[in-house]
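Visitor: I have a structure open and would like to learn how to read it. Could you walk me through it?

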Amino acid sequence: MSPDTAPILNVAKLTKRFGGFYALDGLSFHVAAGEILGLVGPNGSGKTTAINVISGLYAPDGGEVVLDGGSIGGVASHRLVHRGINRTFQIPKPFLSLTVRQNIEVALAYGRAAVAPPDMAALLDEYRLTDVADRPAADLNNAQQKMLDLVRALATRPRLLLLDELAAGLNPAELDWIAERIKALARSGVAIIVVEHLMGFIEHITDRVIVMNAGKEIFEGKLAVAVQVPQVIEVFLGGEHAA
Amino acid sequence: MPSALKHMLFIVAPLLAVFAVLPGVYQNHLLLFNFVIFLILAQGVNIIYGFTGYLPFGYVGFFGAGAYGFAILVMHYQAPAVVAVLVAGLVGVALGLLLTPLLRLSGAYFAIANLAASLAVLHFVANPALENITRGPYGVSLTGTFNPTLAYTAALVVLALTLGAVVFLKNSRFGLALQAVREDAVSASMAGVNVVRMRVIAWLVSALVAGLAGGVYAWYVSVFYPDNVFSGEFSIFAIVFALFGGVASICGPIVGVILLYGIYNLIGFTTPQYFQLIYGLLIMGLVLFLPAGLVSLATRRGWHVP
């Protein structure tokens, strides 16, 4: 990212509480158009919660989420979709009894894409769903359901795309393929936040990573640098490895 | 030909034609009228349950409210029956609006809360303290507007409107988005769908349908008590018929009403002593072996059923 690019999303001192537990405890980061930002950290460090707050599933308990200079904390999900945020889910959530085509149709019709919505046939083809287009989404395998989740998001023409463990469970060939697709999306100007446990995948596609622990960021920069930082090693591998 | 037009021409029009002609050849007009009422109510359940997944166990609340809306307008304002039927629909919608907070619940909780709400409306209407307005538990008699022929025609009109609404849902992006909400509300909002608004619209449309049906029913029977028009049988029958045929389709609830209500009356006439036994077994069999309704027999084989 060139330093003069204004960030599309700015997260500042974000907190989210579940009862007495702080899932997010002052998280701050930003992402710019065309950038791929990795969000990594051990289980329970708040990565998915961060995605859920940014996409409007949860209202934040404190701090700010700013999109294009306007605060969006607590705004309903469908409004955020209309403003250019979309996401995929860790466990894909398609409309199971509807066909693949109908799944996408809903997003094309209601997504209010700022520019012309993408073409259905092209989307199906690009994400290898053409053969199953008229089957109910329930018939798809996990990888296909993940792609359908992604296509549903893309049908609304997001400018900020949040990918929650999209790569988990894909085979190596699929991983290479989806990595190229994600990079191509970023080149087209989409800001992308990737939550992922596969470090090779993160290393391959991200420009920058945020390492999270206990609801806040403990490192920001290149992954290659992150793995040398004692604090990062400590949260991933335990204290004795940090020395 | 667009499929909406096809559905109107090949499903809705023939059904309406049959029920328009039948009174001329079949003497039991009350039975025919009840068929039409259940066709309306089953499609009303279809709109809310089939397209949004909310099971309205107290659906009769809207029906009874509509019937009493009709009665009050006729008794106290001497309104013409047609106007009173329209107001009955609005009373249904008003009650629906009042009950929108129930949509925050889901599954069995919604069903139970809706059932409780319908009982609350029943006991409100049947309250002796309201005798001056609703005649309380003593029932109403609306001899002034009594006209079964016209009331039957009005029922057919309401049925036509209801079927039109279901055809629209089945063929429109709006209906598709409703089904998306039913399948997964979070994903639907991520497709840009305003989940709350969609649910409220479907809820109010199905309340309107039941309100209109209640008004027409009051017009037809003209003498009734709170327990008649708030009878839980209306809810249960409408739900069972819709489920038996298969919801989220146009044909399912129609087939369900004609088969099940047909069997119900057949058994009732011939062997009333076995009727509840047979009917109960039938419903159990349905739930166990065909939970998605008769329509699913065809869709399972990949046939498209409108």
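Visitor: Which residue is the bridge partner of D164(A) in β8(A)?

Guide: In β8(A), D164(A) has V195(A) as its bridge partner. Two strands pair if DSSP finds at least two bridges between them. Here β7 (residues 160-164) and β8 (residues 191-195) of chain A pair in the parallel sense over 5 bridges. Strands (E, at least two residues) and helices (H or I, at least four) are DSSP runs, numbered from the N terminus.

Visitor: Anything to know about the model and the numbering?

Guide: The model is predicted: local features need pLDDT of at least 70, side-chain atom pairs count only at pLDDT 80 or more, and totals for chains, interfaces and linings use all residues. Residues are numbered from 1 along each chain as its sequence is written, while chains are lettered from A and ligands numbered from 1 in the order in which they are written.

Visitor: What is the order of the strands in the open sheet of chain A?

Guide: Its 6 strands run β6-β7-β8-β3-β9-β10, with mixed pairing. β6 (85-87) and β10 (216-221) of chain A each have a single partner strand, so one side of each is left without a neighbour in the sheet.

Visitor: Which strands of chain A does helix α6 lie across?

Guide: Contact means that C-beta atoms, placed from the backbone, lie within 7 Å. Helix α6 (residues 172-187) of chain A lies across β3, β7 and β8 of chain A.

Visitor: How many residues does each chain bring to the contact between A and B?

Guide: Chain A gives 24 residues and chain B gives 16. On the chain B side, α8(B) provides the largest share, 6 residues.

Technical notes
Two residues are in contact if their C-beta atoms, placed from the backbone, lie within 7 Å. Axes are lines fitted to C-alpha atoms, for helices over the stretch in contact, and angles run from 0 to 180 degrees between N-to-C directions.
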